[in-house]
Amino acid sequence: MSIKGCILPWVHIYGDLEGDYRPCCFSDSRYSDSLGNKDTSLMDVWHGDAYIKIRQQFLNEEIPLQCKKACYDKEALGVEQSPRQNANNKWSKYKNLQASLLPPPPIFIDFRFSNLCNFRCRSCGPGQSTSWIAESKKLFNKLNAKKIDNWTDNDNLWDALEFIYPTLDTIYFAGGEPLILDGHYKMLEFLIAKGKTDIIINYNTNLSILKYKQYDLESLWSNFKKVNLWVSCDGYGTTAEYIRKELNWEEFNANIDIVKDKVSTISSVISLLSIYSMPDLLLWSMSKNIAIFGTTLTGPRYLSCQILPDTEKDKIIAYYKTFIEANKDKLSKQQIYNIFDWLRFLKGTIDNREQLEREFKRITIILDNSRGESFSKTVPQLAEWYESIKVS
């Protein structure tokens with residue numbers, strides 16, 4: 001028996017920052033609001049008509065609208081594995097659950113407790129980071145930006161956890177920044193109190209801290225079967241600091257060394273901001289014996305490396321060819337294959353390229369002026385292209 005469509009609706013449930021349930025964090029929220037929300041019992045959502053419909057669609061070999069953009073469209077490009085493919089590989093032993101439209105309680109949960117975050121990454125915004133709020137109101141007139149927290153003290157969630165925790169296998173924490181979220185620590189303390197420590201804890205984190213309030217993360221993590229840190233970092237050194245405002249490279253490097261045994265990957269977004277810095281990050285990660293998991297940026301579209309003109313794309317390809325040749329004895333076949341994936345994506349086209357160029361420069365000027373930074377100095381390889389862009 002092979003998996004039909006995607007296994008996640010039989011093993012996984014996701015609660016987003018807005019307090020809505022969706023099939024997974026990659027699903028398109030425009031089509032999944034009807035799954036339920038924070039005012040609904042988790043198990044009522046799990047066995048609700050909307051989730052049953054999605055399961056039935058997969059069994060019928062149909063593509064739910066929520067899933068098309070993030071997975072099936074990416075698969076059609078032929079670059080990198082989609083979240084669906086990754087999930088099917090990871091959870092393949094549960095494929096027999098597809099025999100029922102009403103599976104047992106989820107074994108893999110992901111709740112985004114808050115948008116509280118201490119970084120202002122250029123690919124982010126106030127919806128995902130509270131540190132962006134003041135800047136967004138001042139620079140972009142986003143007056144409705146606010147802190148969000150729909151799950152930390154939500155009785156519907158915690159009552160459900162009393163029921164489902166015995167069979168949980170994996171929990172995924174992201175944010176905001178999970179290491180500064182009270183709900184995250186409440187969850188860890190709940191699991192420890194219940195003696196449910198035979199569980200895998202996965203994080204997407206900026207790893208800017210290892211101690212928070214009264215909590216020592218190394219001590220807390222020692223209780224659990226396995227802790228995997230997927231550490232976010234786009235680029236190396238000063239480039240990473242430019243992309244992920246508030247990142248301190250020296251502190252980041254020190255924290256990596258302290259918890260290196262728990263770091264599964266450095267998760268990087270390949271964008272026009274990071275494309276020239278990724279080779280340095282690769283060499284750094286190899287020195288730490290940590291893998292790079294690079295994904296090509298799809299939004300915001302004005303940061304996609306596909307907005308670059310062909311002349312700049314050709315320069316980047318030549319840059320990477322030189323890098324590969326100089327380091328061919330160090331790079332694995334998988335690393336070279338990953339680089340080729342990035343370059344295949346780079347060579348693709350994007351609608352409204354010139355308009356997106358202008359949008360990139362307009363926003364970059366605003367942020368550079370506000371933050372006292374310079375794109376041209378940070379990414380000098382693209383300075384001539386950047387300066388040539390005309391904005392009204």
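View 1. Helices (H or I, at least four residues) and strands (E, at least two) are DSSP runs, numbered from the N terminus. The model is predicted: local features need pLDDT of at least 70 and side-chain atom pairs count only at pLDDT 80 or more, whereas totals for chains, interfaces and linings use all residues. Residues are numbered from 1 along each chain as its sequence is written, and side-chain values use heavy atoms, with hydrogens and water left out. Strand E1 (residues 12-15) pairs with E3 in the parallel sense over four bridges; two strands pair if DSSP finds at least two bridges between them. In strand E3 (residues 108-111), Phe108 and Asp110 point one way, Ile109 and Phe111 point the other way, and all are buried. Buried means under 20% relative accessible area, exposed over 50%, and partly exposed in between (1.4 Å probe, protein chains only).

**View 2. Eight strands form an open sheet with mixed pairing.** The order of the strands is E2-E1-E3-E5-E6-E9-E11-E12. Strand E2 (21-22) and E12 are the edge strands, each pairing on one side only. E1 and E2 pair in the antiparallel sense over two bridges, and Tyr14 has Arg22 of E2 as its bridge partner. E3 also pairs with strand E5 (residues 170-173), in the parallel sense and over three bridges. Here Ile109 stands opposite Ile171 of E5.

**View 3. Ile201 is one of the residues that touch the most other members of the largest nonpolar core.** A nonpolar core is a set of buried Ala, Val, Leu, Ile, Met, Phe, Trp, Tyr and Cys residues joined through side-chain atoms within 4.5 Å. This core has 116 residues, and Ile266, Phe360, Phe375 and Trp385 are named with Ile201 as touching the most other members. Helix H14 (residues 333-346) gives the most to this core, with six residues. Not counting residues up to four places away in sequence, Ile201 touches residues including Ile171, Leu188, Leu191 and Lys226; contact means heavy atoms within 4.5 Å.

**View 4. Lys226 is found in strand E9 (residues 226-232).** Lys226 counts as partly exposed because its relative accessibility is 39%. Leaving aside neighbours within four places in sequence, Lys226 is in contact with Ile199, Ile200 and Ile201. The C-alpha atoms of Lys226 and Asn202 are separated by 8.4 Å, and the two residues are 24 apart along the chain.

**View 5. Helix H8 (residues 182-193) has end C-alpha atoms 16 Å apart.** At 1.5 Å a residue, the 12 residues of H8 should span 16 Å, which agrees; the expected span is 1.5 Å times one less than the number of residues. Among the buried residues of H8 are Tyr185, Leu188 and Leu191. Just after H8, Gly195 takes a positive phi of about 70 degrees.

**View 6. The second largest pocket holds about 150 Å³ of space.** On a 1 Å grid over the protein atoms alone, a pocket is an open set of points with protein on both sides within 12 Å along at least five of seven lines, and lining residues have an atom within 4 Å of a point. Grid points are joined across faces, edges and corners, and a volume is the space filled by probe spheres set on the points. The lining includes Leu282, Met286, Ile292, Asn338 and Trp342. H14 gives the most to this lining, with five residues.

Methods:
1 Å grid on protein atoms, 1.4 Å probe; cavity = no way out; pocket = protein on both sides within 12 Å on 5 of 7 lines; lining within 4 Å.
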